[in-house]
Amino acid sequence: QVELQESGPGLVKPSQTLSLTCSVSGGSITTNYYYWSWIRQSPGKGLEWMGTIGYSGSTYYSPSLKSRTSIFRDTSKNQFTLELNSVTPEDTAVYYCARGRDPSVDFGSWGQGTQVTVSS
């Protein structure tokens, strides 16, 4: 059974870069046909897909966040990382990593989520 665990700072200052890592156990991030995503939920809002990195390393980004988002992976550590730059308080959210079979629409397995607050 795959398990995902988010890690990173809980507080980021405005204009800085938010960096979160998802550590995966029970399955390889290079296994064919699995996609690894970042999703967030801001206070009072629904879930927002941010981006995905696929088993081959291909990346897919939400158009609304593409200019500020980067997702990359470390296959030796079985981890993938989200970077979101130029953050504002509107980026305050619970951030989740997830695994699915289709980028941006399928998220069958989730991490527990991590709260990130953007504040000076």
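## Nonpolar core

The largest nonpolar core holds 25 residues; such a core is a set of buried Ala, Val, Leu, Ile, Met, Phe, Trp, Tyr and Cys residues joined through side-chain atoms within 4.5 Å. Buried means under 20% relative accessible area, exposed over 50%, and partly exposed in between (1.4 Å probe, protein chains only). Leu 18, Trp 36, Trp 38, Phe 80 and Tyr 95 have the most contacts inside this core. Two or more residues each come from β3 (18-25), β4 (35-41), β5 (47-54), β8 (79-84), β9 (93-100) and β11 (114-118), with β3 giving the largest share, 4 residues. Strands are DSSP runs (E, at least two residues), numbered from the N terminus.

The model is predicted: local features need pLDDT of at least 70, side-chain atom pairs count only at pLDDT 80 or more, and totals for chains, interfaces and linings use all residues. Residues are numbered from 1 along each chain as its sequence is written, and side-chain values use heavy atoms, with hydrogens and water left out.

## Glu 6

Glu 6 is found in strand β1 (residues 3-7). Glu 6 is buried and has no salt bridge (a side-chain nitrogen of Lys or Arg within 4 Å of a carboxyl oxygen of Asp or Glu). The nearest side chain of opposite charge, Arg 99, is 13 Å away. The Glu 6 side chain does reach two backbone nitrogens, that of Cys 97 at 3.0 Å and that of Gly 113 at 2.9 Å.

## Leu 47

Leu 47 lies in strand β5 and counts as exposed because its relative accessibility is 52%. Its contacts (heavy atoms within 4.5 Å) include Ile 39, Tyr 96 and Trp 110.

How values were computed:
Lys, Arg positive; Asp, Glu negative; His and termini not counted. Polar contact = N/O pair within 3.5 Å; in protein donor to acceptor, adjacent residues only side chain to side chain. Lists of a residue's contacts leave out its neighbours within four places in sequence.
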